[in-house]
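Hi,

Here is the model I said I would pass on.

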Amino acid sequence: YPIKGPTEINQSHFGKHCHIIFDNSECITNLIDKKLNLDEILKLYQENKINFNYEKRYNNTINILENREKVCDVKIVDFIKKNFTKERLFLLENHPTSIIFINITNQILKILNIEELKILEHGINECNLPGYIPLDISSKNHFNYEFEIDKDGNNYYKQCIINIFNFYTKN
């Protein structure tokens with residue numbers, strides 16, 4: 001995700017640092033600090049010219065997961081690395097799609113010497129987890145996703161940029 005944050009700013013957010021409200025907001029606030037106005041920032045976004053630090057953030061996440069999995073019998077990081085660009089694996093950064101659950105379940109069944117599930121067709125969110133953050137063209141271009149992204153993803157992130165700009169420039 002380029003950035004994450006609320007689509008609406010609540011009164012309770014004011015007085016807090018922008019990066020607490022919007023994850024990865026510094027890629028936008030740095031542009032504001034360089035005196036770019038909102039239209040200029042939105043144009044950069046539309047032209048895919050904002051560095052959202054995808055590679056650094058991805059590597060950091062993978063490193064954290066690899067370290068945590070050192071003491072686990074069920075591991076998912078290799079599956080993520082192998083399939084990250086092939087199909088959507090997460091609804092939110094911590095809400096996996098159905099394929100992750102199937103993989104984990106099959107690992108547990110294997111440990112228990114029980115036949116693995118043979119699920120060939122499944123929806124993206126069979127568990128009905130709450131929340132969903134769309135993907136956009138900048139992440140698709142960076143990671144070369146082989147799957148379709150959300151049609152409205154760019155509008156979602158444009159609104160996040162507007163919210164960051166408004167929030168940051170009011171404080």
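Below are my notes on the chain as a whole, then on one helix and its neighbours.

A word on provenance: this is a predicted model, so local features need pLDDT of at least 70 and side-chain atom pairs count only at pLDDT 80 or more, while totals for chains, interfaces and linings use all residues. Residues are numbered from 1 along each chain as its sequence is written, and side-chain values use heavy atoms, with hydrogens and water left out.

**The chain**

There are eight helices and two strands, and along the sequence they run α-α-α-α-α-β-β-α-α-α. Of the 171 residues, 38% are buried (under 20% relative accessible area; exposed is over 50%, partly exposed in between, with a 1.4 Å probe and protein chains only). The accessible surface is about 10,700 Å², and 51% of that belongs to carbon and sulfur atoms (Shrake-Rupley method, 1.4 Å probe; for residues, only the protein chains shown count as cover). If you take contacts (heavy atoms within 4.5 Å) between residues at least 6 apart in sequence, 63% of them join residues at least 24 apart.

**Helix H8**

H8 covers residues 153–170, which is 18 residues. From first C-alpha to last it reaches 26 Å, close to the 26 Å expected at 1.5 Å a residue (the expected span being 1.5 Å times one less than the number of residues). Its buried residues include Tyr156, Tyr157, Cys160, Ile161 and Phe165.

Gly153 also lies in H8, and it counts as buried because its relative accessible area is 0%. Leaving aside residues up to four places away in sequence, Gly153 touches Tyr45, Pro134, Leu135 and Asp136. Asp136 is 17 residues from Gly153 in sequence, yet their C-alphas are 4.7 Å apart.

**Who packs on H8**

H3 (residues 38–46) packs against H8 at about 150°, with the axes 10 Å apart. That makes H3 roughly antiparallel to H8. On the conventions: axes are lines fitted to C-alpha atoms, for helices over the stretch in contact, and angles run from 0 to 180 degrees between N-to-C directions. Under 35 degrees counts as roughly parallel, over 145 as roughly antiparallel, 65 to 115 as roughly perpendicular and the rest as oblique. On the H3 side the contact uses Leu38, Ile41, Leu42, Tyr45 and Gln46, which meet H8 residues including Gly153, Tyr157, Ile161 and Phe165.

H2 and H8 pack at about 55°, again with axes 10 Å apart. That makes H2 oblique to H8. Ile28, Thr29, Ile32 and Asp33 of H2 make this contact with Ile161, Ile164, Phe165, Tyr168 and Thr169 of H8. As for burial, H2 (residues 26–33) has Cys27, Ile28, Thr29, Leu31 and Ile32 buried.

**Two backbone points**

Which residues did I flag for phi? Lys35 has a positive phi of about 75° although it is not a glycine. Lys35 is in the loop between H2 and H3 and is exposed, with a relative accessible area of 71%. Asn144, also not a glycine, has a positive phi near 55°. Asn144 sits in the loop between H7 (137–143) and H8, and is exposed at 56% relative accessible area.

Cheers

Key. Helices (H or I, at least four residues) and strands (E, at least two) are DSSP runs, numbered from the N terminus.
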